Amino acid sequence: MNTLTFPILITNFKTYESSTGVKALELAKLHEEIAREYNVNFAVCPQAVDIWMVASEIEIPVLAHHFDAVTHGQFTGHIIPEALKLAGADGSLLNHAERKIPFPQIAESIKRAREVGFFTVVCAGNIEEGMKIATLKPDAIALELPELIGGDISISTSSPDIIKQAVHKIKGVPVLVGAGVKNGNDIRIALELGARGVLVAS
């Protein structure tokens, strides 16, 4: 199992055609090459069906998009953390803006992740939600303003004060930032403002 080391850049492959199947493996290998060449910390987040293929071929951390807070049993259609870990995943995103879950489910999911030895990066749409999630002690919180996700304006340039506030107010948990992060300058600003990494998809 790989350990996530901060500062870190996590790339969410989403369900893009350019990051599905064999293309997901090619993209993951590119991340690994860059990580080695520049001595930086990367993690990749492919679709669940691609995790086995990707994780078996690379050594950088692999995260799932999501998992369900259930265990072995009669849960057809659910994805359990044990199965993801056996497939090679080191952890998972939770509560992404495109896959929101209720707070009690976040709490149960973090509990299940601890039972399995699974890293959790829990997304928050604003500082208040991040502060609430921080009480559950996930391994990291990714602050992503929903209105900036998939857009051309990054949180680093449009809302740097929000990054500073988030780092100050979200206590005891590393804060990552995302939404609109496009280039090295966006990442540099986020890190200078106290973020421990970024979550990107572009």
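The points below cover the overall build, cores, pockets and backbone of a predicted model.

1. Basis. In this predicted model, local features need pLDDT of at least 70 and side-chain atom pairs count only at pLDDT 80 or more, while totals for chains, interfaces and linings use all residues. Numbering starts from 1 along each chain as its sequence is written, and side-chain values use heavy atoms, with hydrogens and water left out.

2. Overall build. The chain holds eight helices and eight strands; helices (H or I, at least four residues) and strands (E, at least two) are DSSP runs, numbered from the N terminus. Along the principal axes, the C-alpha atoms fill a box of roughly 45 × 40 × 25 Å.

3. Burial and contact range. Of the 202 residues, 50% count as buried (buried is under 20% relative accessible area, exposed over 50%, partly exposed in between, with a 1.4 Å probe and protein chains only). Among contacts between residues at least 6 apart in sequence, 64% join residues at least 24 apart; contact means heavy atoms within 4.5 Å.

4. Nonpolar cores. The largest nonpolar core has 46 residues, and V44 and V177 have the most contacts inside it. Helix α4 gives the most to this core, with four residues. Another core, of 14 residues, lies apart from it and has I8, L63, C123 and L176 among its members. A nonpolar core is here a set of buried Ala, Val, Leu, Ile, Met, Phe, Trp, Tyr and Cys residues joined through side-chain atoms within 4.5 Å.

5. Surroundings of V177. With neighbours within four places in sequence left aside, V177 is in contact with L143, I155, I163, A190, A195, G197, V198 and L199.

6. Largest pocket. About 350 Å³ of space lies in the largest pocket, and 20 residues line it, with T11, H31, V200, A201 and S202 nearest its centre. The elements giving two or more residues to the lining are β1, α1 (22-38) and α8 (184-192); α1 supplies the largest share, four residues. By type, the lining divides into eleven nonpolar, eight polar and one charged. A pocket is an open set of points on a 1 Å grid over the protein atoms alone, where a 1.4 Å probe fits, with protein on both sides within 12 Å along at least five of seven lines; lining residues have an atom within 4 Å of a point. Grid points are joined across faces, edges and corners, and a volume is the space filled by probe spheres set on the points.

7. Second largest pocket. Here the space is about 210 Å³, and the lining is N12, K14, T15, H65, H66, I79, L93, H96, E98 and R99. Two of these residues are nonpolar, five polar and three charged. In this scheme Ala, Val, Leu, Ile, Met, Phe, Trp, Tyr, Cys and Pro count as nonpolar, Asp, Glu, Lys and Arg as charged, and the others, Gly among them, as polar.

8. R112 and V70. R112 sits in helix α4 and counts as buried at 5% relative accessibility. Beyond its neighbours within four places in sequence, R112 is in contact with F67, A69, V70, T71, P81 and E82. V70 belongs to the loop between β3 (63-64) and α3 (81-87) and, at 15% relative accessibility, also counts as buried. Not counting residues up to four places away, V70 touches F75, H78, I80, P81, E82 and R112. The C-alpha atoms of V70 and I80 are separated by 6.1 Å, with the two residues ten apart along the chain.

9. Cis peptide. The peptide bond from F6 to P7 is cis, with omega near -5 degrees. P7 falls in the segment before β1 (8-12).

10. Positive phi. N95, in the loop between β4 (91-94) and α4 (103-116), has phi near 65 degrees, a positive value in a residue other than glycine. K137, in the loop between α5 (127-134) and β6 (140-144), has a positive phi near 60 degrees and is likewise not glycine. N95 is buried, with a relative accessible area of 1%, whereas K137 is partly exposed, at 46%.
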